[in-house]
Amino acid sequence: MPPSPSQPASQSDQILAAAKQWRQQIPGDLHEHVVEAIYGQAARIAERSVSSPSQAARPTFDRSLDHILTSKLWGFPIMILLFAVMFWITITGANIPSAWLSWLLIDQGHSWLRGIFQSVGSPEWLTGFVVDGMYLATAWVVSVMLPPMAIFFPLFTLLEDFGYLPRVAFNLDRLFKVSGGHGKQAMTTMMGFGCNAAGVVATRIIDSPRERLLAIITNNFALCNGRWPTQFLIATVFLGSLVPAVLAGLVAAAAVTSVAMLGVLLTFLVSWGLSRTLLKGEVSTFSLELPPYRPPRFWQTLYTSLIDRTLFVLWRAVVFALPAGAVIWLVANVYVGGESLAEHFIRVADPLGLFIGLNGVILLAYVIAIPANEIVIPTVLMLTVMTTGLQDVGAGTGVMFELQSGDAVGQLLTAGGWTTLTAVNLMLFSLLHNPCSTTIYTIYRETGSAKWTMVSTLLPLALGFVVCALTAWGWRLLSVAPG
Amino acid sequence: MNHALPVVASLIAMAVVFWPRYGLWARWQLAQELARRIRREDALKHLIKSEANGRVATLNSLAGALQISAANAASLLEELEERELVTFEDGRPLLRPAGRAMALHVVRAHRLWESYLAEQTGVPELEWHPRAEEREHLLTPEEADALAARLGHPTRDPHGDVIPPPHGDLEGDPGQSLNTAAPQTPVLITHIEDEPDTVYRQLVALGLRPGMRAFVIEKTPSRVRFWVDGNEQILAPILAQNVFVRPLPEFRTEDLVEEEFLSGLKPQARTRVIGLSPACRGQERRRLLDLGFVPGTVVEVEMISPAGDPTAYRVRGTIVALRREQANLIRVSSKEASDR
């Protein structure tokens with residue numbers, strides 16, 4: 001304000017001084033008082049001038065349903081049952097289309113495409129690079145990933161649309177509160193069991209910044225759909241074979257469940273630790289709206305969940321699988337000094353791998369299979385064949401494959417130097433390692449921060465190394481001591 | 001080769017130590033310089049606060065406030081005099097204009113930073129003061145102004161202290177302490193003194209905040225029993241001395257006692273919101289306002305989670321679940337609301 005000696009200026013000075021004096025007397029933030037007054041006034045106006053038809057403020061149906069779904073007696077059993085059924089439908093329902101896609105894209109498509117390349121006279125390296133590398137990796141990801149997601153996501157969205165999921169958050173919030181998280185983290189974790197990338201996107205429902213970051217960083221501890229097959233295969237082949245055949249299935253299932261439960265436990269522990277250290281200063285506000293129930297719009301839900309979630313995730317996975325396939329083929333086929341790049345890496349990484357109860361092949365597989373957890377086992381098999389020099393199995397250097405019977409997998413891996421410890425640690429490492437590149441990219445897109453992306457990537461990896469090393473150490477201690 | 005290695009190694013070592021600006025020596029010197037500046041600024045802060053509160057700053061009070069020896073305090077005052085920040089009158093240190101401006105900026109930066117931590121971060125309350133103690137020496141006056149603008153030019157920090165304008169005077173601690181308040185007279189808590197830290201921690205642990213309404217129930221030489229925001233509290237007079245209040249002539253004690261908190265509401269009971277507690281700040285406060293927890297709104301307990309917490313409330317036709325700590329921030333009337 002320009003100073004002026006005239007009368008009006010001194011008057012305005014007086015007004016300013018008075019305003020200042022009044023402002024000093026008002027406790028708290030002036031802006032909030034204004035906001036509060038506006039809300040209050042708006043409410044009073046609405047109350048006077050808006051009339052609503054005389055009906056119950058809330059349908060009795062909603063009220064009784066809520067009383068069952070959130071009751072002390074029925075709340076938790078109903079929740080567990082619903083999700084168990086959902087996972088069962090997903091796993092059993094996905095088997096058939098998965099097998100069909102695998103037959104179409106891998107068994108038929110692969111050799112058909114190879115045939116075309118050979119018939120036009122393409123050189124062997126180009127065929128290998130494009131068909132055995134890029135095409136095969138992508139086909140693998142699509143055939144394993146697509147069917148479970150196409151079943152799981154619509155089911156999940158239907159429950160969401162119906163209004164049940166907020167009730168789950170309501171029931172479970174106490175648990176998450178202890179670890180510093182938000183009840184809605186239960187939903188994003190659940191989503192993570194389908195796909196971590198989708199789980200990370202789903203954290204948008206959490207509006208409190210700190211709790212959202214927690215949910216993003218810990219989402220990787222939900223064992224995703226791409227890792228379940230690895231768990232089941234290794235548990236069946238190595239752990240199931242330790243006990244009589246009758247119990248084999250039970251032991252394998254118990255082992256996989258334990259790993260998944262370990263993931264849930266770590267979700268809580270890591271949330272607890274992070275909210276007291278790294279995330280201490282982040283803003284945290286809790287609120288959870290419980291919308292009224294409504295009949296789910298079936299076709300619309302199906303359509304949007306297929307487009308928004310399934311295809312979105314699949315597209316990103318394909319984008320990352322193409323170059324990964326190329327890399328997988330290249331490391332097995334580019335020779336430096338008489339050895340392929342893969343063999344060089346495996347030789348260097350083997351001491352570290354063995355120290356933490358794994359081996360160089362597994363470490364390399366996890367490095368080059370970053371784009372998708374689905375291709376870890378095929379890559380491990382291919383690399384094991386390459387390093388052991390077995391002649392009668394496999395589909396050629398740099399070509400991923402799968403074996404029809406579990407026994408064959410067991411024989412091949414044992415030949416590659418695997419022990420029960422290797423199997424147990426692979427299961428642990430499969431739970432605790434960096435998220436797949438699709439998820440990492442999604443985390444970056446959602447947080448917009450390189451720092452939090454690094455934390456979400458490296459934290460599980462570091463945990464994986466520590467847990468595997470400890471397991472190996474304890475294992476050796478126990479297995480040496482009795483002898 | 002054999003001779004080159006030690007030479008290269010010692011060259012690298014020299015570079016690591018003596019490199020301008022980034023070397024260890026340069027960094028160490030910078031750190032020393034910063035430590036000296038912090039000490040000077042803390043001394044100036046002590047002088048301006050003593051002056052504002054009508055106390056006389058002495059060598060001993062300075063040594064006590066900065067927790068240094070009297071000899072160190074003396075050399076510190078000498079240094080301030082050399083820099084023309086302080087002058088002496090009858091042996092007592094007095095601020096010169098340059099010293100006053102510097103001290104005012106430090107106090108302003110401190111209180112602004114506390115406001116920032118309270119409003120825009122989730123940093124726990126007990127860390128506001130220690131963090132601001134560090135940050136006050138690092139903010140430039142321009143940064144302090146930018147921060148003030150970003151916070152909407154707040155007039156008071158979260159402890160109820162007045163944030164001084166860039167060029168002005170520092171106001172003393174506000175009036176009356178809880179010790180001297182008359183019994184059965186409604187008062188407003190205006191300020192919680194954040195020094196010494198141990199006392200402040202106890203007051204925060206009791207949930208006392210500026211902006212809360214209170215009245216003294218009874219006073220004896222050994223304790224002060226008082227009502228504050230729905231609860232009865234007892235403090236030793238030495239603690240109560242750090243709680244500052246001003247009278248609330250527009251209220252009667254009966255009006256205050258009628259208030260309770262949403263967390264105390266029984267299932268299926270309904271009542272009216274009176275307001276949000278001052279302990280509810282920043283985003284949390286705006287969120288609750290957005291959800292409709294404004295004065296006059298009718299609230300009803302709808303259901304309780306099977307785990308015991310949170311509780312779902314019906315407010316303005318929607319159902320919103322709040323945790324117990326949040327429901328503890330919403331003041332409601334103890335009278336049953338008939339209907340909207």
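A polar contact is a pair of N or O atoms within 3.5 Å; within protein, one must be able to donate a hydrogen and the other to accept it. I wrote that down before opening the model, which is a predicted one.

**Entry 1: two domains of chain B**

I began with the domain assignment of chain B. It gives domain 1 (24–95), domain 2 (176–256) and domain 3 (258–333). I picked domain 2 and domain 3 of chain B. Their C-alpha centres lie 25 Å apart.

How many residues of domain 2 of chain B are in contact with domain 3 of chain B? I found ten, and they meet seven residues of domain 3 of chain B. The area buried between domain 2 and domain 3 of chain B is about 720 Å². Carbon and sulfur atoms give 46% of that area.

The rule finds zero residue pairs in polar contact, with both residues at pLDDT 80 or more. It also finds zero salt bridges between domain 2 and domain 3 of chain B. Which helix gives the most to the side of domain 2 of chain B that touches domain 3 of chain B? It is helix H10 (residues 253–257) of chain B, with three residues.

**Entry 2: where chain B meets chain A**

Then I turned to the two chains. The contact takes 49 residues from chain B and 42 residues from chain A. Chain B and chain A bury about 4100 Å² between them. Carbon and sulfur atoms carry 51% of it. I noted which residues of chain B lose the most area to chain A: B:Met303, B:Pro306 and B:Arg323. Together they make up 17% of what that side buries.

I looked up A:Asp207 and B:Arg287, whose side chains meet in a salt bridge at 3.2 Å, N to O. Across the interface of chain B and chain A, the rule also finds twelve residue pairs in polar contact, with both residues at pLDDT 80 or more.

Which elements of chain B give two or more residues to the side that touches chain A? I listed helix H5 (97–120), helix H11 (282–290), strand E11 (298–304), strand E12 (311–315), strand E13 (318–322) and helix H12 (324–327) of chain B. H11(B) gives the most, with eight residues.

**Entry 3: the loops of chain B**

I checked the loop between E11 and E12 of chain B, where B:Pro310 has its place. A cis peptide bond joins B:Asp309 and B:Pro310, with omega about 0°.

The loop between E12 and E13 of chain B holds B:Arg316. B:Arg316 is not a glycine, yet it has a positive phi of about 50°. It counts as partly exposed because its relative accessibility is 37%.

I found another positive phi at B:Gln67, about 55°, and B:Gln67 is not a glycine either. B:Gln67 lies in the loop between helix H3 (59–66) and helix H4 (70–82) of chain B. Is B:Gln67 buried or exposed? It counts as exposed, because its relative accessibility is 72%.

**Entry 4: chain A as a whole**

I stepped back to chain A. It has 19 helices and three strands. Its C-alpha trace spans about 100 × 65 × 60 Å along its principal axes. Of the 483 residues in chain A, 48% are buried. I also noted the contacts in chain A between residues at least 6 apart in sequence: 75% of them join residues at least 24 apart.

**Entry 5: a lysine of chain A**

I looked up A:Lys184 in the loop between helix H6 (164–178) and helix H7 (185–194) of chain A. A:Lys184 is buried yet has no salt bridge. Which side chain of opposite charge is nearest to A:Lys184? It is A:Asp207, 5.0 Å away. A salt bridge needs a nitrogen and a carboxyl oxygen within 4 Å.

What lies 3.0 Å from a polar atom of the side chain of A:Lys184? I found the backbone oxygen of A:Ile205 there. Not counting residues up to four places away in sequence, A:Lys184 touches A:Ala169, A:Ile205, A:Ile206, A:Ser287 and A:Leu288.

**Entry 6: a serine of chain A**

My last stop was A:Ser449, in the loop between helix H18 (437–447) and helix H19 (450–480) of chain A. A:Ser449 counts as buried because its relative accessibility is 16%. A polar atom of its side chain lies 3.2 Å from the backbone nitrogen of A:Lys451. A:Ser449 and A:Val201 are 248 residues apart along the chain, and their C-alpha atoms are separated by 15 Å.

Technical notes:
Residues numbered from 1 in each chain as written. Chains lettered and ligands numbered in written order. Predicted model: local features only at pLDDT ≥ 70, side-chain atom pairs only at ≥ 80, totals over all residues. Heavy atoms only, no water. Helix = DSSP H or I, 4+ residues; strand = E, 2+ residues; numbered from the N terminus. Buried < 20%, exposed > 50% of the residue type's maximum accessible area, 1.4 Å probe, protein only. Lys, Arg positive; Asp, Glu negative; His and termini not counted. Contact = heavy atoms within 4.5 Å. Domains from an automatic or database assignment. Buried area = accessible area lost by both parts, 1.4 Å probe.
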